Amino acid sequence: MINIGDVVIYGTNGVCRYNGTVKKKTALGMSEYYEFEALRDSGNKMYMPSSFSVDEKVRTALSRDDALAIVESVLKEESLEFDGDESRREQLSAMLKSNNSADAVRVVKSLITLQKSRQKRGNKLHSADERMLRLAKRLVDDELAYSLEISPDDVENFIKSKLKY
């Protein structure tokens, strides 16, 4: 259960503050929505129908200790391997949609590993992989910045120093 003012992660929207419920007029009449405000883009509000399960789409932001533990655990893991481009995109996309912080860090680590491998061969990431990497990095940067009380601009160097990309 979330309370008004809680800092939460709302799916792939990232770190938000929960503002409570609001009623909005729709084509079907008045409907109730949960209102979230992005911390990075103050004033950017998102709405989720109150008929949806909050527990499936929203979770509390990581504590500092949990954030550090996730980074350390992913450090010990091998990068993910995939059976092809389509399989990789499907698996990584599902990981990001799972709203799991550790999975988001794994996605970043795996795509940066793939990016480096392709660069060695004179190639770039496919555009779909680049978009996914940008989304994953934004999610990771925002949550770790909040949890570790650092600037989002400093998260990449923090992760690089810990994960040895």
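The model is predicted: local features need pLDDT of at least 70, side-chain atom pairs count only at pLDDT 80 or more, and totals for chains, interfaces and linings use all residues. Residues are numbered from 1 along each chain as its sequence is written, and side-chain values use heavy atoms, without hydrogens and water. Helices are DSSP runs (H or I, at least four residues), numbered from the N terminus.

**How empty space is found**

- Rolling a probe the size of a water molecule over the atoms shows where empty space is left.
- On a 1 Å grid over the protein atoms alone, a cavity is a set of points where a 1.4 Å probe fits but cannot get out. A pocket is an open set with protein on both sides within 12 Å along at least five of seven lines. Lining residues have an atom within 4 Å of a point.
- Grid points are joined across faces, edges and corners, and a volume is the space filled by probe spheres set on the points.

**The largest pocket**

- The largest pocket has a volume of about 150 Å³.
- Its lining has 13 residues, and the closest to the centre are Leu80, Phe82, Arg88, Ser110 and Leu114.
- α4 gives the most, with six residues.
- Five lining residues are nonpolar, five polar and three charged. Here Ala, Val, Leu, Ile, Met, Phe, Trp, Tyr, Cys and Pro count as nonpolar, Asp, Glu, Lys and Arg as charged, and the others, Gly among them, as polar.

**The cavities**

- The structure holds three cavities of 30 Å³ or more. The largest cavity has a volume of about 150 Å³.
- Of its 19 lining residues, Arg59, Ser101, Ala104, Leu139 and Glu143 are the closest to the centre.
- α3, α4 and α5 (127–148) each supply at least two lining residues. α5 has the largest share, four residues.
- The lining of the largest cavity has 11 nonpolar, six polar and two charged residues.

**Glutamate 81**

- Glutamate 81 sits in the loop between α2 (64–76) and α3.
- Its relative accessibility is 74%, so glutamate 81 counts as exposed (over 50% relative accessible area, with a 1.4 Å probe and protein chains only).
- Glutamate 81 and leucine 114 are 33 residues apart in sequence and 9.3 Å apart in space, C-alpha to C-alpha.

**The α2 and α5 pair**

- The axes of α2 and α5 come within 8 Å and cross at roughly 130°. Axes are lines fitted to C-alpha atoms, for helices over the stretch in contact, and angles run from 0 to 180 degrees between N-to-C directions.

Notes:
Buried < 20%, exposed > 50% of the residue type's maximum accessible area, 1.4 Å probe, protein only.
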